[in-house]
Amino acid sequence: MLLSKISSLKTAASFASNTIRNMSNIPKNRLEGKVAVVTASTEGIGYAIARRLAQEGAKVILSSRKQNNVDSAVSKLTAEGLNVTGIVCHVAKAEDRKKVFNEADKLGGLDILVSNAAVNPTTGPVLDCDESVWDKIFEINVKAAFLLAKEGVPLIRKRGGGSIVFISSIAGFHPMPLLGAYSVSKTALLGLTKAAATDLACENITVNCIAPGVVKTKFAEYLTGNEAVSDHALTMIPMNRFGVPEDISGIVAFLASEDARYITGETIIAAGGMSSRL
Ligand code: NAP
């Protein structure tokens, strides 16, 4: 029993590393000529999204709070021959968001906006959350996502249409026991997606959302980094492996492409089969 579990875990781990290495089938020109803004994109899921959009031909504006992280992400991607630039942007700061959108404006407008930043400063049941922590979670995870979309839309209109993608979480469908307030903030993004999609549908602007499961990044280290916890977490994932950022980035590229032009208001769950909805 134990041996068969170890063997299936090894198969899952090897699948994940092959997934990352096998980039030869990425469409090279699907996003040619598009300008993309990806927030919180100097590591983790945001970095993989920025990389994938650039690999498919977009000009990508990377951002996060720390200049050294921005510089290092830009130089890594530039070394791969990708067309990226970077700006410091703490998503809750109006002046930072303005700088990002000014950069897009200089490039002629915006085609793709990916709102990816989130925080989770606390763990515990939802009603134990301090008011100040609740406000922080909603300021970054929900209000900043709303403001980014509100401020980005005029630039998308300038291009005659485009796509907005919000990054939610499986926890938005099925609250995680210790991530109460964070889970509620991620549920709010599902509603924001539906509401904005309906309003913008007739303007050739799609608004969609992705709900990742447990993805191996710093953000999820408490679940993936400790063997006792991760063994238990894996039992809830039918694919028997944690996600990798590249499991999410290709979905964003698809949603931002012409292939997805008739899809709006949807949330794609990418969680290895974790229980979510019917
Ligand atoms: P991560 O690996 O911890 O990456 C965090 C990134 O966000 C870094 O580039 C960080 O750079 C930047 N950042 C943090 N706070 C920011 C802020 N206020 N403004 C701008 N940038 C900020 O996180 P991740 O796992 O990739 O998570 C990305 C998104 O996926 C989040 O929305 C998260 O809720 C969602 N998600 C993750 C998982 C998972 O299991 N990992 C599951 C479901 C959903 P600086 O430090 O330089 O700011």
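The following questions and answers cover pockets, aromatic pairs and selected residues of a predicted model.

Trainee: What volume does the largest pocket have?
Mentor: Rolling a probe the size of a water molecule over the atoms shows where empty space is left. For the largest pocket, the volume comes to about 1,000 Å³.

Trainee: Which residues are the closest to the centre of the largest pocket?
Mentor: The lining of the largest pocket holds 40 residues. The closest to the centre are A40, N116, A117, A118 and F219.

Trainee: Where does the largest share of the lining of the largest pocket come from?
Mentor: Helices α2 (44-55), α5 (131-158), α6 (180-200) and α7 (221-224) each supply at least two residues of that lining. The largest share is three residues, and the element that gives them is α2.

Trainee: How many residues of the lining of the second largest pocket are nonpolar?
Mentor: The second largest pocket holds about 410 Å³ of space and is lined by 18 residues. Its lining has no charged residues and four polar ones. The nonpolar count is 14.

Trainee: Which residues lie nearest the centre of the second largest pocket, and which helix supplies the largest share of its lining?
Mentor: Nearest the centre are M176, P177, L223, M236 and M274. Both α7 and α8 (227-234) supply at least two residues of the lining. The largest share, three residues, comes from α8.

Trainee: Is the aromatic pair of W134 and F138 stacked or edge-to-face?
Mentor: The structure holds two aromatic pairs, and W134 and F138 form one of them, with 4.5 Å centre to centre. Planes under 30 degrees apart count as stacked. The planes of W134 and F138 are 20 degrees apart, and the pair is stacked.

Trainee: Is F138 buried or exposed?
Mentor: W134 and F138 lie four residues apart in helix α5, about one turn of the helix. W134 has 31% relative accessibility and counts as partly exposed. Buried means under 20%. F138 has 19% relative accessibility, so F138 counts as buried.

Trainee: How many residues apart in sequence are the parts that the pair of Y182 and F219 ties together?
Mentor: Y182 and F219 form a tilted pair, 5.6 Å centre to centre with 45 degrees between the planes. Y182 lies in helix α6, whereas F219 lies in the loop between β6 (205-212) and α7. Y182 is buried at 7% relative accessibility, and F219 is partly exposed at 42%. The pair therefore ties together parts whose separation in sequence is 37 residues.

Trainee: Which ring does the charged end of K76 sit over?
Mentor: A charge sits over a ring only within 6 Å of the ring centre. The charged end of K76 is 4.8 Å from the centre of its ring, which belongs to Y47.

Trainee: Which residue's backbone nitrogen does the side chain of N208 reach?
Mentor: N208 is found in strand β6 and is buried, with a relative accessible area of 1%. Its side chain reaches a backbone nitrogen at 3.1 Å, and that nitrogen belongs to G265.

Trainee: What distance separates the C-alpha atoms of L113 and V207?
Mentor: L113 lies in strand β4 (residues 112-115) and is buried at 0% relative accessibility. L113 and V207 are 94 residues apart along the chain, and their C-alpha atoms are separated by 9.4 Å.

Trainee: How far apart in space are L53 and S185?
Mentor: L53 is found in helix α2 and is buried, with a relative accessible area of 0%. L53 and S185 are 132 residues apart in sequence. From C-alpha to C-alpha, the separation in space is 26 Å.

Trainee: Is N204 buried or exposed?
Mentor: Most residues other than glycine have a negative phi. N204 has a positive phi near 65 degrees and is placed in the loop between α6 and β6. Exposed means over 50%. N204 has 51% relative accessibility, so N204 counts as exposed.

Trainee: Is N240 buried or exposed?
Mentor: N240 also has a positive phi, of about 65 degrees, although it is not a glycine. N240 lies in the loop between α8 and α9 (246-256). With a relative accessible area of 17%, N240 is buried.

Terms used:
Residues numbered from 1 in each chain as written. Predicted model: local features only at pLDDT ≥ 70, side-chain atom pairs only at ≥ 80, totals over all residues. Heavy atoms only, no water. 1 Å grid on protein atoms, 1.4 Å probe; cavity = no way out; pocket = protein on both sides within 12 Å on 5 of 7 lines; lining within 4 Å. Points joined across faces, edges and corners; volume = space filled by probe spheres on them. Nonpolar A, V, L, I, M, F, W, Y, C, P; charged D, E, K, R; others polar. Phe/Tyr/Trp six-rings, centres within 6.5 Å; stacked < 30°, edge-to-face > 60°. Buried < 20%, exposed > 50% of the residue type's maximum accessible area, 1.4 Å probe, protein only. Lys NZ or Arg CZ within 6 Å of the ring centre and 35° of its normal. Polar contact = N/O pair within 3.5 Å; in protein donor to acceptor, adjacent residues only side chain to side chain.
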